Structure formats: structure tokens, C-alpha cells
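This report describes selected local features of a single model. The sequence and structure are shown first, and the description follows.

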Amino acid sequence: MEKKESRPLPHELERMPPKERQKHLEERMREIIAYAYEKAPAVKERFDTAGVKPGDIRTVKDLEKIPMVRKDDLIALQKADPPFGGYLAVPMDSLERIYQSPGPIYDPQRKRGFGTGGGMGPDFGKGQIVMNTWSYHVTPAGLGVDQLLRSMGFTVFPSGTGNTELQVQIMHDLKVNGFVGTPSFLKIIIDKAEDMGFDFKKDFNLKWAMVSGEMGGEPLRKIFQEKYNIFCMGGDNYATADVGTVATGCDKQSGMHVSMDAVVEIVDPATGEQLGPGEEGEVVVTPFDEVYPLIRFGTGDVSMMVDEPCGCGRTTPRLTKILGRTGEAVRVRGMFVHPKQTDEVIARFPEILRYQLVVTRPQNRDDMVLMVELAGKHLEPIRLGTEKAQVSLPVEREKLMNALDKTFRDICKVKFDRVEFVERGSIPENAKHVVDKRKY
Ligand SMILES: [Zn+2]
């Protein structure tokens with residue numbers, strides 16, 4: 001692809017009025033689609049099968065015409081046509097590296113890598129030593145982040161995973177300024193340092209951390225910032241082995257700004273239709289990548305887009321956070337309910353032994369029932385004759401229902417229809433926590 005001289009840089013795009021930015025993004029989108037159709041046989045085949053021509057795709061909205069490609073599709077395509085399933089758009093011998101990610105899926109090293117640091121420039125990290133604890137072999141994370149950090153001027157210590165004691169020693173001896181990796185690994189390092197007799201805050205020089213790759217890292221982030229004075233840069237970052245960086249957090253820690261090197265959509269995973277801001281759906285990515293142009297890659301991750309302006313000055317939409325995976329989540333009245341969320345609800349009620357959330361669809365309306373098995377003898381369901389005493393519930397139970405209702409709405413952002421107390425042993429011990437029994 002020829003590079004247009006007038007093309008704005010990523011950090012310029014991020015601060016543009018949305019309409020103007022859209023124009024530039026759609027221009028690049030049309031280019032990558034035309035290019036991919038010509039160079040990647042799998043893209044051509046997918047388009048032809050769907051009866052879509054590259055010229056039909058003018059706007060982001062038009063992307064809906066193209067069927068999504070998912071991890072499972074890629075695994076099958078790669079099996080049938082190894083190693084890249086017909087998505088490689090450059091000669092094989094021009095590749096610098098090949099990676100493998102779980103699946104297994106083979107990933108060629110991409111041109112866009114893990115981004116360019118949002119246009120922060122080569123002097124941004126001058127004079128600072130960073131420990132990169134992502135794995136340096138097999139998967140792209142370690143080398144990808146390494147390249148990104150070096151492009152921003154940092155000096156990198158490629159420590160990779162494991163060897164905690166050694167990592168502590170290095171962090172101490174080199175007076176390392178920054179840490180990159182998972183929040184839980186940073187916590188392990190700090191704990192180890194304290195076990196070894198160090199006072200982490202006094203004896204170490206760690207000023208910042210760029211932690212990501214785990215859900216529920218917020219409590220640890222709080223500990224790093226409040227207890228150890230380690231600034232957690234940019235909140236979260238979201239990248240996948242298949243498409244690289246999707247969204248990057250900023251200092252305002254108010255979500256992750258979508259990459260300017262890709263089109264990011266939120267869609268209904270069942271239909272592929274785009275959803276608006278504030279609606280939960282699957283993250284679908286079309287990276288502007290000339291090496292491996294996956295067009296409309298369905299990540300299987302559930303998130304939501306917000307488009308209010310951010311205090312950092314960027315005008316780009318943000319992904320709130322990754323709420324779960326589409327496979328386990330159930331979409332009810334426009335919102336995803338994920339077992340991770342329902343577990344969080346139930347964890348607050350020690351009087352509940354087991355539960356199951358069941359979604360059905362009588363009369364074309366979603367119906368969501370929380371089945372609950374209570375712990376403790378005094379809360380056994382009461383029977384009056386053959387009828388369960390649904391109307392004359394003891395006070396505790398009504399209290400419990402109200403508390404469940406409130407907590408459920410707080411965490412899942414949607415309301416269940418009712419609670420059903422079931423007898424002990426009704427819900428099998430390893431039953432799924434969220435079940436979709438709807439038939440359309
Ligand atoms: Zn921001």
C-alpha cells in the first residue's frame with residue numbers, strides 16, 4: 001500500500017473532531033479491504049461466498065455485510081491451509097518472526113506490532129529502565145511490548161516470566177523504574193522482595209507499572225498506588241495475539257481508547273450487527289495490517305463503548321473494560337449477564353448454598369429466574385400442602401429477595417424477574433451458573 005503524505009499521525013487522529021477522524025479511518029479501512037481482497041486468498045473467498053465486493057464497503061456501517069471471522073474459524077482454516085489459513089498477504093520469506101498462541105493458532109509478526117506508543121516519540125522514556133515480564137517466546141507478547149517500549153526510548157530488561165527471586169534482585173540492582181506485565185506477577189515480586197527482607201518502598205526505585213492481561217486487576221492497582229506509590233500507567237491495555245493492540249488506557253483511567261490503527265466495532269455476537277454506545281456486545285477488530293489482514297475478527301470478548309469526551313484530551317471512543325467472553329455470557333434485554341458477575345452477586349450472600357440463573361423466552365419475552373438453594377436448616381423451603389409457600393414467605397426470605405434484586409441490578413445492570421427458592425439438592429453441584437434455555 002502506498003503511504004499518503006498527508007495522512008495524520010495516530011496522536012493527531014486521537015484529538016480530531018469525531019466526524020473528521022471517521023473520514024480518515026474509513027479511507028484507510030477501504031484501502032486495507034481492497035488490499036486484503038487482492039492479496040489474501042482467504043479474504044477473497046469469504047467475500048465471494050458472501051457475495052460482497054470490496055467496493056461495497058464504503059463506511060464502517062457497511063462492515064456488517066462481511067461475515068465475522070472467529071478464533072475457531074481461524075483454527076479450522078489454518079488446519080486446512082497451513083500455516084496461516086490463507087490470510088497471509090505477504091510472501092512467506094519476508095516474515096521476521098512467527099508465533100503460536102493457544103488454539104493452536106500461528107501468528108505471523110505483524111507490521112503494526114503492538115503499536116507505536118500513541119505518538120509519544122522516541123524520547124519519551126529516555127533514561128528509564130523497564131522490566132518487561134511478558135513471555136519472550138512462543139507468543140507475541142514479550143517481543144511485541146519490547147519493541148513498543150524501545151520505540152518510546154526506554155531501556156528494556158527482558159526478564160520474561162518466572163524466576164521471582166532473580167527478578168527481585170535485578171529490579172533492585174538496576175534501580176528499575178518501570179514494570180510491565182500482569183498485576184498479579186508484580187504483587188508476587190513485591191511479596192518476594194519483602195520475604196527476602198527488603199522494604200519495597202524504600203529499597204526499590206519502582207515508580208510506575210503498566211499492568212494488564214487479567215480481569216479484576218483493580219484491587220491490586222489500588223494497592224500498588226496507595227501502599228507502594230507505584231503509578232499505574234494508562235489503566236488497562238487490551239491486546240490479543242491475533243490482532244495486536246485493540247485499545248489503550250490513558251492517565252484518566254476511565255476506560256481504554258480504541259486503536260487508531262484499526263476499526264473497532266461492538267456487535268451482537270449472534271447477528272454481527274453493530275451496537276451503539278452504552279450497549280454490551282462482542283469486540284470485533286479490523287486491523288490496518290498489511291501482513292495479516294484479518295477483516296472483522298471477532299475476539300469473543302464482551303465490552304461496551306463510551307463516546308463522551310475524555311479528560312486526557314483524546315476524542316476517541318473508549319472500551320469500558322472487558323466484561324467476559326461471549327460463549328459463557330447470556331444477552332438478556334440488551335445486556336450481557338456473565339457467570340463472573342452472577343458469582344460476584346451470590347458471593348455476598350453466605351446464606352445461599354447454590355444457585356442457577358435460568359433464561360427462557362415465553363411469549364417472545366426474555367424471562368430470567370434466579371434459582372436459589374439456601375444453606376442452613378432454618379431456611380429450607382416451606383411447603384403448604386402441595387403448593388410452595390411463595391406468597392407467605394418468612395421475612396428473612398423477602399429481605400433476601402430484595403437484597404438480591406438490588407445487588408443483581410447493581411452488578412449486572414439488568415433486572416431478574418423473580419427468585420425461586422428450590423429444595424436442597426435440586427441444583428447439581430457443578431451445574432452451570434448461567435443457563436440460556438431460550439428457543440427462537
Ligand atoms: Zn483518555
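This is a predicted model: local features need pLDDT of at least 70, side-chain atom pairs count only at pLDDT 80 or more; totals for chains, interfaces and linings use all residues.

Phe 198, Phe 200, Phe 204 and Tyr 228 form a cluster that is linked by ring pairs. Eight aromatic pairs are present in the structure.

| Pair | Centre distance | Plane angle | Class |
|---|---|---|---|
| Phe 200 and Phe 204 | 4.6 Å | 15° | stacked |
| Phe 408 and Phe 416 | 5.0 Å | 65° | edge-to-face |

The planes of Phe 200 and Phe 204 are at 15°, so this pair is classed as stacked; planes under 30 degrees apart fall into that class. For Phe 408 and Phe 416 the angle is 65°, and the pair is therefore edge-to-face, a class that requires over 60 degrees. Phe 200 has a relative accessible area of 2% and is buried. Phe 204, with a relative accessible area of 7%, is buried as well. Both Phe 408 and Phe 416 are likewise buried.

A further contact to an aromatic ring involves a charged residue: Arg 397 lies over the face of Phe 421, 4.8 Å from the ring centre.

The zinc ion is coordinated by four residues, through SG of Cys 250, NE2 of His 257, SG of Cys 310 and SG of Cys 312, at 2.1 to 2.3 Å. The angles subtended by the four donor atoms run from 102 to 113°, and the arrangement is therefore tetrahedral. For comparison, the ideal angle for four tetrahedral donors is 109.5 degrees. Along the sequence, the donor residues follow the spacing C-x6-H-x52-C-x1-C. Distant parts of the chain are linked by His 257, in strand β11 (residues 256–258), and Cys 310, in the loop between β14 (297–306) and β15 (318–319); the two are 53 residues apart. His 257 counts as buried because its relative accessibility is 1%. Cys 310 is also buried, at a relative accessible area of 9%; the cut-off for this class is under 20%.

Helix α7 comprises 13 residues (residues 183–195), which at 1.5 Å a residue should span 18 Å; the end C-alpha atoms are 18 Å apart, in agreement with that value. Within α7, the buried residues include Pro 183, Phe 185, Leu 186, Ile 189, Ile 190 and Ala 193. These residues cover an arc of only 165° around the axis, and therefore lie on the same side of α7.

Note on methods
Residues are numbered from 1 along each chain as its sequence is written. Side-chain values use heavy atoms; hydrogens and water are left out. Donors are N, O and S atoms within 2.8 Å of the metal (3.2 Å for Na, K and Ca); water is not among the atoms, so sites may look incomplete. Four donors count as tetrahedral if all angles lie between 85 and 135 degrees; four count as square planar and six as octahedral if opposite donors are over 155 degrees apart and all others between 65 and 115; anything else is irregular. Helices (H or I, at least four residues) and strands (E, at least two) are DSSP runs, numbered from the N terminus. Buried means under 20% relative accessible area, exposed over 50%, partly exposed in between (1.4 Å probe, protein chains only). Rings of Phe, Tyr and Trp (its six-membered ring) pair if their centres lie within 6.5 Å; planes under 30 degrees apart count as stacked, over 60 as edge-to-face and the rest as tilted. A charge sits over a ring if NZ of Lys or CZ of Arg is within 6 Å of the ring centre and within 35 degrees of the ring normal. The expected span of a helix is 1.5 Å times one less than its number of residues. The arc is that of the directions from the helix axis to the C-beta atoms.
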